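Subject: Structure handover

Dear colleague,

Here is the structure we spoke of handing over. My notes on it follow below.

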Amino acid sequence: MSGKIMAINAGSSSLKFQLFSMFNAQTGQADEQVLCQGLIERIGMDDAVFNLRAGDVKWRETLPIADCRQGAEHLLHALIEHNIIDSLAEITGVGHRVAHGGEAFADSVLITPDVLAQIEQLGVLAPLHNPVNALGIRVFQQALPHASAVAVFDTAFHQTLSQTSYLYALPWRYYEELGIRRYGFHGTSHKYVSGVCAERMGRPLESLRIVSCHLGNGSSLCAIGNGRSVNTSMGFTPQAGIMMGTRSGDIDPSILPFIQQTEGKSATEINQLINNQSGLLGVSGISHDYRDVEQAANNGDTRAQVALELFAERIRAVIGSYIVQLGGIDALIFTGGIGENARHARQQICRDLAFLGIELDEEKNQKNQFFIQKETGPVQIAIVNTNEELMIARDVMRVAQTLPVQPALAIQ
């Protein structure tokens with residue numbers, strides 16, 4: 001497959017996109033050049049916001065966008081209007097981020113009617129995401145019927161987990177009948193950053209034991225051995241695992257019925273409590289944003305200080321357990337908004353881990369260098385900027401490259 005590839009991340013009220021030139025016809029080489037990127041926010045409102053950036057040039061406008069279909073149409077018109085492409089025929093593939101692939105999808109796949117139906121059926125496991133992802137797929141298939149459509153699943157990378165890593169100690173029928181198990185998320189990010197880290201280390205990914213820390217408003221860790229996901233902190237839902245911006249992460253499950261009975265809360269209210277009112281926000285009482293909490297902590301706010309300590313300690317505990325499971329560690333990766341930018345977080349997480357071979361060089365850490373371990377440290381500590389959109393585009397090329405490209409329809 002040649003031409004240009006679009007990566008799409010459709011949300012309930014937003015549409016994030018990047019357009020790549022993946023192949024240079026003149027040189028015959030892959031170039032993976034970002035032609036443009038952007039975000040449509042507040043879809044469904046009269047004051048929706050359309051942001052588009054191509055190189056150093058930025059466009060921003062506020063306008064009514066009723067639904068995802070109008071958003072897609074406005075985006076495609078804008079690509080031509082701003083001379084980013086001359087024709088929609090240039091877009092030969094579209095990759096769609098899909099939240100949940102269940103056990104059905106262990107890799108990215110070409111979207112057929114059967115695949116789309118399965119994605120919609122898996123909405124029972126991801127009711128806030130999969131139906132919206134499916135809608136985005138339908139919209140772009142109609143707008144770009146000539147382009148190959150590929151689904152890239154957040155959960156696919158973790159389908160290599162063993163039963164002992166993905167099963168919960170519940171009656172077996174809940175797994176067998178309802179599919180309750182650990183699925184994990186952020187798989188596209190963990191897969192991308194581990195590959196980049198191995199390349200920079202000059203070693204085959206298959207030879208490395210890696211712990212990847214994707215830290216942001218949503219956070220997860222992944223143990224990677226031989227290039228495969230061995231364990232991951234998120235579980236049946238993205239709520240599980242470490243403390244996050246507004247999510248509690250793992251807690252004693254009996255706390256939930258206790259609060260429900262004591263305060264007379266509904267199941268919906270309990271779910272909102274642990275997903276939207278907890279984590280850094282709940283403990284600090286200030287914000288879900290790590291930067292805001294860190295500033296408050298520096299100003300002496302004790303609850304903010306406790307929130308940051310909890311965040312680091314939960315991560316440290318998971319890192320330790322993953323080192324045991326991997327039988328050692330060769331590289332520790334920090335990625336995501338917090339992992340890539342919060343120097344204090346990295347310092348707190350790596351504190352006193354020299355006995356495990358993890359020795360942070362604080363000067364390198366402050367400079368945000370790629371490798372931030374001490375020269376004598378046996379474990380590489382890396383800051384890797386994640387790029388899920390590029391990973392999606394690469395998967396479109398890999399999955400759809402043998403398919404013939406049909407003649408494009410003119411834009412309406």
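Five strands form an open sheet in the order E11-E10-E9-E12-E13, and their pairing is mixed. Strands here are DSSP runs of E with at least two residues, helices are runs of H or I with at least four residues, and both are numbered from the N terminus. Two strands count as paired if DSSP finds at least two bridges between them. At the edges lie strand E11 (228-232) and strand E13 (380-383), each of which pairs on one side only. On average, neighbouring strands of this sheet are turned by 20° against each other, direction ignored.

The model is predicted: local features need pLDDT of at least 70, side-chain atom pairs count only at pLDDT 80 or more, and totals for chains, interfaces and linings use all residues. Residues are numbered from 1 along each chain as its sequence is written, and side-chain values use heavy atoms, with hydrogens and water left out.

Within the sheet, strand E9 (residues 209-214) pairs with strand E10 (residues 220-225) in the antiparallel sense over six bridges. Cys213 has Leu221 in E10 as its bridge partner. Helix H11 (residues 302-326) packs on the sheet and touches E9, E10, E11 and strand E12 (331-335); the direction of H11 makes about 15° with that of E10. Helix H13 (residues 343-350) also packs on the sheet, touching E12 and E13, and its direction makes about 150° with that of E12. Contact means heavy atoms within 4.5 Å. Axes are lines fitted to C-alpha atoms, for helices over the stretch in contact, with angles from 0 to 180 degrees between N-to-C directions.

Ser233 is in the loop between E11 and helix H7 (255-263). Ser233 is buried, with a relative accessible area of 6%, where buried means under 20% (1.4 Å probe, protein chains only). Leaving aside residues up to four places away in sequence, Ser233 touches Arg182, Ser220, Leu221, Ala240, Gly241 and Tyr322.

The largest cavity has a volume of about 40 Å³. A cavity is a set of points on a 1 Å grid over the protein atoms alone where a 1.4 Å probe fits but cannot get out, and lining residues have an atom within 4 Å of a point. The volume is the space filled by probe spheres set on the points, which are joined across faces, edges and corners. The lining of the largest cavity consists of Val94, His96, Ile137, Phe140, Gln141, Leu144, Ala147 and Ala149. Helix H3 (130-143) and strand E6 (91-98) each supply at least two residues of this lining, and H3 gives the most, with three residues.

Regards

Conventions:
1 Å grid on protein atoms, 1.4 Å probe; cavity = no way out; pocket = protein on both sides within 12 Å on 5 of 7 lines; lining within 4 Å. Buried < 20%, exposed > 50% of the residue type's maximum accessible area, 1.4 Å probe, protein only.
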